[in-house]
Amino acid sequence: MQKRDFIDTNTYTKEEIQYMIDLGIKLKQSINAGYYPQVLKDKTLGMIFEQSSTRTRTSAEAAMTELGGHAQYLAPGQIQLGGHETIEDTSHVLGNIVDIIGARVERHKTVAEVGKFAQVPVVNFMSDYNHPTQELGDIITMSEHLPEGKQLSDCKIVFVGDATQVCVSTMFMATKMGMDFVQFGPKGFQIKPETLAIGKKNAEVSGGSVLVTEDADEALKDADFIYTDVWYGLYESELPKDERMKIFYPKYQVNADLVSKASDHVKFLHCLPASRGEEVTDEVIDSDYSLAWEEAGNRKTAMRAIFTYLLNPRIKKPTEAEAKKYQSEIDDLLAHQVDTNLVND
């Protein structure tokens, strides 16, 4: 059976994404009611991390455990990925040991290569290009908090600040689902034209729209959701605090004044961790309209849905006759185990 990876949501249809939203919510409802469906019983997730992680690691481990599976944490420097062993070889090895692989990497090329060479599904836990598990968790959160009388395709989401991989991923998901997406950010820190073109192509199919602007009034008008992320920059290009404050503050800080430009039912999103007092104020992130904490919890909701969606078609369920046959043969072998003492005599 051909495997599927979850490396870039642009390789999925709107219908597939909606199915994962529905699946994630249903699994969440079941577990919240006290029933833990063992749909991933005895399955193993191998987690490759080139960076430290809080939400991604804990949500992935918890999701596998709750559904009957197990997760192995492969920390930076603990495996040979791209070191003494090629990415291709490591991917082949892991693909013969675990059932699914998750990888949080510094460069998108790495997770793409793992997906190319591993025989099992690969999930992108974040790269310098995108953050698809965050995407699914976010769209689930928005689905659970839609304005009265609206569907996702009726909503407008505004991403405020730097064009991080979370900003790009928000555009990918929003345009895939027919939403209106706006990035409100300064020149030099806006989504690159070649990446913006992907969002525009999605929007042409779904009926959504894409806009990048430096005009706050234009950006926030009638917004249903406001989203922001840190202003750090990425990896070796990380900006010192004084530089990022000079570029983004105060115009691109999500504060009460900026929020007041949006609709009166607006909700606030943040992927976390947050630099309070920089991209967002305490007043906003701790407000009644902030969904930041539910959004963090829905990382687990997303992980459950992704793992189940990718693994379910690959799970082989033996017939009763097959199970009895193999159990009998194993019992026979165990009953006739070689006695080491007799061999030595």
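Predicted model: local features only at pLDDT ≥ 70, side-chain atom pairs only at ≥ 80, totals over all residues.
A salt bridge here is a side-chain nitrogen of Lys or Arg within 4 Å of a carboxyl oxygen of Asp or Glu. Residues are numbered from 1 along each chain as its sequence is written, and side-chain values use heavy atoms, with hydrogens and water left out.

**Overall build**

The protein chain has 14 helices and 9 strands. Both are DSSP runs numbered from the N terminus: helices are H or I with at least four residues, strands are E with at least two. The C-alpha atoms fill a box of roughly 85 × 45 × 35 Å along the principal axes. Of the 345 residues, 51% count as buried. Buried means under 20% relative accessible area, exposed over 50%, and partly exposed in between (1.4 Å probe, protein chains only). Contact means heavy atoms within 4.5 Å. Among contacts between residues at least 6 apart in sequence, 75% join residues at least 24 apart.

Domain 1 covers 9-132 + 298-314, and domain 2 covers 133-297. These bounds come from an automatic or database domain assignment. The contact takes 34 residues from domain 1 and 32 residues from domain 2. The C-alpha centres of the two domains lie 25 Å apart.

Domain 1 and domain 2 bury about 2,700 Å² between them, 56% of it on carbon and sulfur atoms. Buried area is the accessible area (1.4 Å probe) that two parts lose on being put together, summed over both.

Between the domains, the count is 1 salt bridge. Glu144 and Lys28 form a salt bridge at 3.1 Å, N to O. On the side of domain 1 that touches domain 2, the elements giving two or more residues are α1 (14-32), β4 (122-126) and α12 (292-311). The largest share, 8 residues, comes from α12.

Thr133 lies in helix α5 (residues 132-144). Its relative accessibility is 0%, so Thr133 counts as buried. Beyond residues up to four places away in sequence, Thr133 touches Phe6, Val123, Asn124, Phe125, Arg299, Ala302, Met303 and Ile306.

Ile191 sits in the loop between β6 (180-184) and α7 (193-206). Ile191 is also buried, at 6% relative accessibility. Leaving aside neighbours within four places in sequence, its contacts include Ala163, Cys167, Val168 and Met171. Ile191 and Glu144 are 47 residues apart in sequence and 28 Å apart in space, C-alpha to C-alpha.

**Salt bridges**

The count comes to 18 salt bridges.

| Pair | N to O distance | Relative accessibility |
|---|---|---|
| Lys187 and Glu214 | 2.8 Å | Lys187 60%; Glu214 29% |
| Arg276 and Asp282 | 2.9 Å | Arg276 40%; Asp282 43% |

Lys187 is exposed, whereas Glu214 is partly exposed. Arg276 is partly exposed, and Asp282 is partly exposed too.

Lys324 and Glu320 are 4 residues apart in helix α13 (residues 320-335), so about one helical turn separates them. Elsewhere, salt bridges that share partners join Glu66, Lys300 and Arg304 into one network.
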